[in-house]
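Subject: Handover of a structure, with notes

Dear colleague,

Please find the sequence and the structure below.

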Amino acid sequence: MSKSRDAADQINRVNSSAANATAITIDANENVGIGTTGSPNHELDVKAATNSGISITPATGNATNYLDWYDTGGGPYGRIGYNHQISAMTFTTNTAERMRIDSSGNLLLGTTGTNWATTAGLYAFNQSALNVTRSGAESMNLNRLSSAGDIIKLYKSGSAVGSIGAFGNSGVYIAAPTSGGSALVFNGNAPILYPAKNNSGTIAVADNAIDLGASGVRFKDIYATNGTIQTSDRNEKQDIEVLTSAETAVAVACKGLLRKFRWIDAVEEKGDDARIHFGIIAQDLQDAFTAQGLDAGRYAMFISSTWWETQTDVPAVVAVDEVLDEDGNVVTEAVEAKDAYTRTDTFDTLAEAPEGATERTRLGVRYPELLAFIIGAI
């Protein structure tokens, strides 16, 4: 490599092995250019045909390497560095560390450790989880502009399983991903919860279309200040008639079929403390209709629901303690112990149920209609 000084008082070192191409240039302003063809544009100007960069190698194997940059006043400065002592890549602004990638590949913002449960910061654990911790304020803000629609999409093994989004200008919804799937809309202007559906990607409220619970998956108790309101508008009814003699006979019989009883599962749980209930046995109601030559299934007070079930034994999970390396980084996350249990999965149709599923049928009664039916015969 040879050295020369040109008319612009610029020192050039020529790489003889590269057809006399200029390798290093130092101009009159003491700017240094590596791979530049003219005067360097900055104090250090590095150019390359493909990749360019600065490599800083310590004299020993136990040192800290940094790439720093400063403003004209000497600060504040930015820094990217690899610290061998803590096995982490750190990023610093104004002398304060802002981000690091630790030896486990975890990305940490605003924190230097991995204790997300008690320390504020953003924790992107390597191939594991994204945790955000903040003190005294919301941990995440997600903002959609212009149109209403999905803000968060949820997936399982790459397949969409649901979404959370903006409904109109003030509400929010939680929705199933497929067209026709159920959704809930929270009214942002009033204390109202609406049933809704996914209509080909658009969430719309759905009148008289969504069930709460299912035949094989029931809610237990409903606590409310007022009773439910049933639509009874004449304009929405047809075939309005008085009871036939056979129907009246069934109603009279039903009055004598009211019984007191206790639920089997309540007795199993509470023993003699299980409370006494009053009502009718659905099979007795069905038999009363049959005795008059009527089909109970034609009357909405009588319910017969069929579904299919599978039972899956889920093994116990043994607790595993968190494992940290010598620098305090998580190597293995803790696993909470869980007891073995049997999981029951339900399917509404035989077509949905896997082979070997057990068919179940449960009879029920709509008591407002039953009581109105009995009153009609008095």
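**A sheet and its helix**

T306 has T361, a residue of β25, as its bridge partner. Helices and strands are DSSP runs, numbered from the N terminus, with at least four residues of H or I for a helix and at least two of E for a strand. The model is predicted: local features need pLDDT of at least 70 and side-chain atom pairs count only at pLDDT 80 or more, whereas totals for chains, interfaces and linings use all residues. Residues are numbered from 1 along each chain as its sequence is written, and side-chain values use heavy atoms, with hydrogens and water left out.

Strand β21, residues 302-314, pairs with β25 in the antiparallel sense over eight bridges; two strands pair if DSSP finds at least two bridges between them. An open sheet is formed by three strands in the order β24-β21-β25, with antiparallel pairing. Because β24 (341-347) and β25 (358-365) each have a single partner strand, they stand at the edges, and one side of each is left without a neighbour in the sheet. On average, neighbouring strands of this sheet are turned by 40 degrees against each other, direction ignored.

Helix α3 (residues 282-291) packs on the sheet and touches β21 and β25. The direction of α3 makes about 75 degrees with that of β25. Contact here means heavy atoms within 4.5 Å; axes are lines fitted to C-alpha atoms, for helices over the stretch in contact, and angles run from 0 to 180 degrees between N-to-C directions.

**Salt bridges**

How many salt bridges does a search of the whole structure find? The search finds five, a salt bridge being a side-chain nitrogen of Lys or Arg within 4 Å of a carboxyl oxygen of Asp or Glu.

R360 is partly exposed, with a relative accessible area of 37%, whereas E309 counts as buried at 13%. In these terms, buried means under 20% relative accessible area, exposed over 50%, and partly exposed in between (1.4 Å probe, protein chains only).

Another salt bridge joins R134 and E138, whose closest N and O atoms are 3.8 Å apart. Both residues are partly exposed, R134 at 46% relative accessibility and E138 at 42%. In the salt bridge of D150 with K153, the closest N and O atoms are 2.8 Å apart; D150 is partly exposed, at 24%.

**Cores and aromatic rings**

A nonpolar core is a set of buried Ala, Val, Leu, Ile, Met, Phe, Trp, Tyr and Cys residues joined through side-chain atoms within 4.5 Å. The largest has 16 residues, of which C254, L285, F289, M301, L370 and F373 touch the most other members. Helices α1 (245-255), α3 and α4 (367-375) each supply at least two residues of this core, and the largest share, four residues, comes from α3. Leaving aside neighbours within four places in sequence, L285 is in contact with C254, I280, M301, F302, V365 and L370. A second, separate core has six residues, including Y173, A183, V185 and I203.

Rings of Phe, Tyr and Trp (its six-membered ring) pair if their centres lie within 6.5 Å; planes under 30 degrees apart count as stacked, over 60 as edge-to-face and the rest as tilted. By this rule there are four aromatic pairs. The ring centres of F261 and W263 are 5.1 Å apart and their planes stand at 80 degrees, so the pair is edge-to-face. Ring pairs also link F289, Y299 and F373 into a cluster.

**Loops and the whole chain**

S200 has a positive phi of about 55 degrees although it is not a glycine. S200 lies in the loop between β17 (193-199) and β18 (202-205) and is exposed, at 66% relative accessible area.

The chain holds four helices and 25 strands, and of its 378 residues 21% count as buried.

Yours sincerely
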